[in-house]
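Please keep the structure in view while you read.

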Amino acid sequence: MPAASDQPPAPWRFEAIGTAWEIVTDEPLDARARDAVSDVVAGFDAEWSRFRGDSVVSRLAHAGGSVPAPADAVAMLEAYAQLDDATDGAVNPLVGSSLERLGYDPAYSLAAGEPVPAPADWARRLTWDGDLLTLDGPGVIDVGALGKGRLVDLVHALVCGLVAGDVVVDAGGDLAVRGAPQRVGLEHPFDPRRAIGVWEVADAALCASAVNRRTWGDGLHHVLDARTGSPVRTVAATWAVAPDAMHADAIATALFFDGGPRLAHEWGVEWVRMTTDGRVDWSPGCRADLFTRAASVER
């Protein structure tokens, strides 16, 4: 991903929360800055990872109860409430048990059982305020619909406060940009060697989701319909651009379901979506250069 600045960028690459990160700044981040970033990532993981036995959500999973609310609880769970409403219950933060039933569990057993829906009454069972996060019994919280975007925002804000100039925080394709525009390829979900278009992003965030990521077994992937507990079959990939990564990530998830485009319009998020039969549609204000458009095809 080239940066259009006079100063050669200084990338810092590392692995965290199961994905590859790259942070590009005009000047290298020193050890103190890197430690600060690592602390933010580790803190978020310790609160929200259902793959860690000692995390906050894992402690709630067995019997529920109340714990001090993580700092991001209100922002993320209130966004979940809007996602749930827009998608008629297809996006649900208690979908973790459904993912585990299909084998996407902390041990990565990848042994699929029969699908189970997530609790439709999650908003009654899971409550939050500025002080407490409460679950009224066993349940597995999974914030995968928007959590990585939220963490990208936290890291991006931290780095922007530490250094001047252009900043790109890229967490496995979910990225936030300050400064010089970045041209981002939209990977074809059926052939990662190809792109279906390019989107130029400046002072904004782009997040993507696709059924060819986090896959295991025949037809099994991480995007589930919470109402059925089964993987989505009709949409193959989504991309969304928003002022911040949490909302871009949330819309990238919502676009797998009816109601996603409406919520994107309400939030002012632009998007592209590709269905499993190869069709591509996009929001009216989308500025991506899509190779499906006539102007992008050589004659």
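Reading the features

A: Asp121 counts as partly exposed, because its relative accessibility is 33%. Buried means under 20% relative accessible area, exposed means over 50%, and partly exposed lies in between (1.4 Å probe, protein chains only).

Q: What should I know about the model itself?
A: This is a predicted model, in which local features need pLDDT of at least 70, side-chain atom pairs count only at pLDDT 80 or more, and totals for chains, interfaces and linings use all residues. Residues are numbered from 1 along each chain as its sequence is written, and side-chain values use heavy atoms, with hydrogens and water left out.

Q: How many salt bridges does the structure hold?
A: A salt bridge is a side-chain nitrogen of Lys or Arg within 4 Å of a carboxyl oxygen of Asp or Glu. The structure holds 16 of them. One joins Arg124 to Asp121, with the closest N and O atoms 2.7 Å apart. Arg124 is exposed, because its relative accessible area is 55%.

Q: Which residues are linked with Asp121 in a network of salt bridges?
A: Arg124, Arg125 and Asp136 are linked with Asp121 in this network.

Q: Where else can I look for salt bridges?
A: Asp54 is partly exposed, at 47% relative accessibility. Arg52 is partly exposed too, with a relative accessible area of 27%. Then try Arg227 and Asp225, whose side chains meet at 2.9 Å, N to O. Here Arg227 is partly exposed, at 39%, whereas Asp225 is buried, at 14%.

Q: Which side chain of opposite charge is nearest to Asp105?
A: For charge, Lys and Arg count as positive and Asp and Glu as negative; His and the chain ends are not counted. Asp105 is buried yet has no salt bridge; the nearest side chain of opposite charge is Arg50, 6.9 Å away.

Q: What does the side chain of Asp105 make a polar contact with?
A: A polar contact is a pair of N or O atoms within 3.5 Å; within protein, one must be able to donate a hydrogen and the other to accept it, and residues adjacent in sequence count only if both atoms are side-chain atoms. The side chain of Asp105 makes such a contact with the side chain of Ser109, at 2.5 Å.

Q: Where does Asp105 lie?
A: Helices (H or I, at least four residues) and strands (E, at least two) are DSSP runs, numbered from the N terminus. Asp105 lies in the loop between α4 (96-101) and α5 (122-125). Ala120 lies in the loop between α4 and α5 as well. Ala120 is exposed, with a relative accessible area of 77%.

Q: How do I read a pair of aromatic rings?
A: A pair is described by the distance of the centres and the angle of the planes. Rings of Phe, Tyr and Trp (its six-membered ring) pair if their centres lie within 6.5 Å; planes under 30 degrees apart count as stacked, over 60 as edge-to-face and the rest as tilted. The count comes to 6 aromatic pairs. The rings of Trp12 and Phe14 have centres 4.4 Å apart and planes at 35°, so this pair is tilted. For Phe14 and Trp21 the centres are 5.7 Å apart and the planes at 15°, so that pair is stacked. Ring pairs link Trp12, Phe14 and Trp21 into a cluster.

Q: How many residues has the largest nonpolar core?
A: In soluble globular proteins, nonpolar side chains tend to be buried together. A nonpolar core is a set of buried Ala, Val, Leu, Ile, Met, Phe, Trp, Tyr and Cys residues joined through side-chain atoms within 4.5 Å. The largest one has 67 residues; those with the most contacts inside it include Trp21, Trp48 and Ile141. Its largest share, 7 residues, comes from helix α3 (residues 73-86). Apart from this core lies another, of 21 residues, among them Leu175 and Trp199.

Q: How many residues of helix α7 are buried?
A: Helix α7 (residues 245-254) is mostly covered, with 9 of its 10 residues buried.
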